[in-house]
Amino acid sequence: MNIVRLLFLFSTTLFCQISVAQPATPLLYEVNLNDRANDQFNVTLHVSGLTAANAVYQFAATAPGTYQIMDIGRYVRSFKAFDTKGREVKTQKISTNQWKFDKPEKVRTLQYSIAETWDTPVNEHKPYNMCGTSIEKDHVLINGQGVFGFPSGMQSAPIELKIDYPAEWTVGTALEKNENGNFTAPNYDRIVDSPILLGQLTKATTTVAGAQIDVYTYSKTGKIKSDQLLNNMQSMLTAAGQFLKQLPVKHYTFLYHFEDQDWGAWEHSYSSEYVIKEAEFTKKLADNMTSIAAHEFFHVVTPLNIHSEVIEQFNFVTPTPSEHLWLYEGVTEWASDAMQLRGGIMDLPTYFDELSQKIAYDKSLDTTYSLSKLGLTCYTDEGQRQYGNIYARGALVAGLLDIRLLELSNGTRGLREVINEMAATYGPNKAFPEKDFFTVFTQKTYPEIADFFNRYVKTTEPLPFSEYYGKLGITYTPKVNTGQKTAWIGMKPTFVDNKFHLTRLDDALLKAGLQENDEWIAYNKQPINLDNIGQVQGELTQLKAGDTYDVTVLRNGQEMTVKSLILEKELTFQYKFGLNPQASPQQVQLREIWMKNL
């Protein structure tokens with residue numbers, strides 16, 4: 001699995017219910033992008049009829065699918081309110097993300113400036129770039145929570161957005177326009193759920209299973225065009241349509257941003273956005289983009305059409321976790337590979353490699369950390385350290401669940417079929433009960449599934465790869481010794497809260513002076529960051545056993561550099577899957593069913 005994909009794929013899941021007042025008129029926002037000085041968004045909000053219930057203007061503390069504290073109020077540079085005659089109404093900042101109006105009933109206009117997140121330094125909790133905002137000469141990226149807020153009690157208020165921008169620019173977004181030419185959203189949640197990319201963009205369009213698919217691309221030096229990306233993902237989109245029978249949306253938008261940084265993707269209900277380092281267009285790059293897009297695109301099912309009641313309205317004030325993060329992300333990751341396998345895009349050996357990589361990632365983390373616990377702790381530092389496993393272990397468990405369902409149904413109904421049934425039962429406007437989901441799923445399927453959830457989602461029994469894949473006539477071998485030696489670095493770098501840490505250190509590195517969980521800040525005196533980590537890893541793989549290199553770490557506020565040694569270990573092949581030549585006819589038959597859409 002692509003490391004950017006693993007660390008930064010996100011889903012819209014953490015929500016809570018809030019009572020709100022529904023105003024008669026929309027909140028009208030204006031953003032002037034013809035003035036892009038100082039890397040700040042200049043925002044004007046027109047309101048009327050505010051009461052004491054709307055006295056606090058709220059900026060987002062977090063956003064759906066990021067699983068991180070954002071505290072967007074930190075980026076506000078000026079904030080003023082005015083009455084009908086243009087006289088200033090007193091405001092007071094009462095918390096990091098909140099400004100209070102002294103007399104809300106008098107407020108008619110709100111004006112504030114807010115810095116972009118990409119180039120604005122903060123001490124902690126820097127928003128991931130694909131979830132942030134950027135202002136440049138030839139383009140602008142807007143993620144709604146990074147620019148807009150809302151008066152208390154008005155999260156459900158309809159929104160109208162007017163954007164002034166250079167006439168030669170193109171705008172890519174899933175938002176629709178009204179008769180005034182302004183973008184509209186039914187509520188604040190939707191404006192956050194609909195990123196906007198503006199600038200010197202290319203566009204390509206197609207239709208898949210009755211849905212219009214738009215691709216907008218910003219490429220810094222013009223190396224990558226929308227039609228190239230769309231042409232390559234056409235077969236994936238077709239496979240998605242076959243996997244889902246019919247697409248649950250009528251319009252979907254892909255937004256690609258190719259510049260100097262490699263951050264990954266952020267999915268939304270009707271669009272997805274990608275922040276990827278620009279390179280020459282190649283088949284390998286196109287295939288990688290298609291693979292990531294397959295995951296993002298499947299989110300039109302989960303959580304758009306299958307979600308718990310806590311998703312009805314996101315809590316932008318206080319992060320609220322959901323136990324079913326594994327459903328929204330793990331099942332989606334499984335489906336992105338399964339639909340490619342069944343659509344003939346991915347061959348079986350490649351699918352096996354995906355399984356092997358996910359098992360390796362799962363084994364590199366705390367194997368006593370359940371998927372349920374990961375969902376409930378994903379906003380904490382502890383949960384963040386395990387977060388990437390929602391895509392690895394989460395997908396592995398979904399794959400096992402698929403096999404178990406096929407077995408219990410005698411090959412007539414797998415996870416795909418159950419997911420499609422649930423999407424039809426619930427849909428965008430009907431939620432399943434957060435606390436009763438396992439019971440609901442079991443009642444829709446088989447009593448034995450309750451035991452599956454207890455063992456592999458709620459707790460952490462070893463995953464039964466040999467037993468379950470054996471039902472398909474597929475062998476699983478945890479480890480194959482080769483008798484050969486290979487070089488290795490003797491540690492496992494991890495990325496948590498925008499920092500690299502060194503974990504699982506070999507005794508030799510501990511004796512050299514490194515410590516578990518040291519923050520890794522430089523390699524051979526070269527600072528480490530997301531932009532160059534791939535290059536650093538490539539250089540490390542070229543070193544031979546006995547070679548040395550410098551590791552600079554930050555520990556208790558102090559920098560120290562340790563001379564590290566490339567170590568040697570036995571070369572082994574781990575977590576290998578293959579076809580069993582002695583498979584029974586029944587096993588082969590079930591495997592053939594498993595490899596196609598029913």
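**Close-up views of cysteines and aromatic rings**

**View 1. Cys 131 and Cys 378 are too far apart to bond.** The sulfur of Cys 131 lies 13 Å from the closest cysteine sulfur, that of Cys 378, which is too far for a bond. Cys 378 is likewise in no disulfide, its nearest cysteine sulfur being that of Cys 131. A disulfide requires cysteine sulfur atoms within 2.5 Å, and the structure, a predicted model, holds 0 disulfides. Cys 131 is buried at a relative accessible area of 1%, and Cys 378 is buried at 0%.

**View 2. Phe 314 and Phe 316 form an edge-to-face pair.** The count of aromatic pairs in the model is 45. In the pair shown here, the ring centres of Phe 314 and Phe 316 are 4.7 Å apart and the planes meet at 65°, so the pair is edge-to-face. Phe 314 is buried, with 0% relative accessibility; Phe 316 is buried too, with a relative accessible area of 1%.

**View 3. Phe 441 and Phe 453 link two helices.** The ring centres are 5.4 Å apart and the planes lie at 75°, so Phe 441 and Phe 453 pair edge-to-face. Phe 441 belongs to helix H11 (residues 437-444) and Phe 453 to helix H12 (residues 448-456), so the contact ties together parts 12 residues apart in sequence. Both residues are buried. Phe 441 and Phe 453 belong to one aromatic cluster, whose members also include Trp 326, Tyr 426, Phe 432 and Tyr 468.

**View 4. Charged side-chain ends sit over aromatic rings.** The charged end of Arg 416 is over the ring of Phe 243, 5.8 Å from the ring centre. The charged end of Lys 569 is over the ring of Trp 488, at 4.6 Å from its centre.

Key. Residues are numbered from 1 along each chain as its sequence is written. This is a predicted model: local features need pLDDT of at least 70, side-chain atom pairs count only at pLDDT 80 or more; totals for chains, interfaces and linings use all residues. Side-chain values use heavy atoms; hydrogens and water are left out. Buried means under 20% relative accessible area, exposed over 50%, partly exposed in between (1.4 Å probe, protein chains only). Rings of Phe, Tyr and Trp (its six-membered ring) pair if their centres lie within 6.5 Å; planes under 30 degrees apart count as stacked, over 60 as edge-to-face and the rest as tilted. Helices (H or I, at least four residues) and strands (E, at least two) are DSSP runs, numbered from the N terminus. A charge sits over a ring if NZ of Lys or CZ of Arg is within 6 Å of the ring centre and within 35 degrees of the ring normal.
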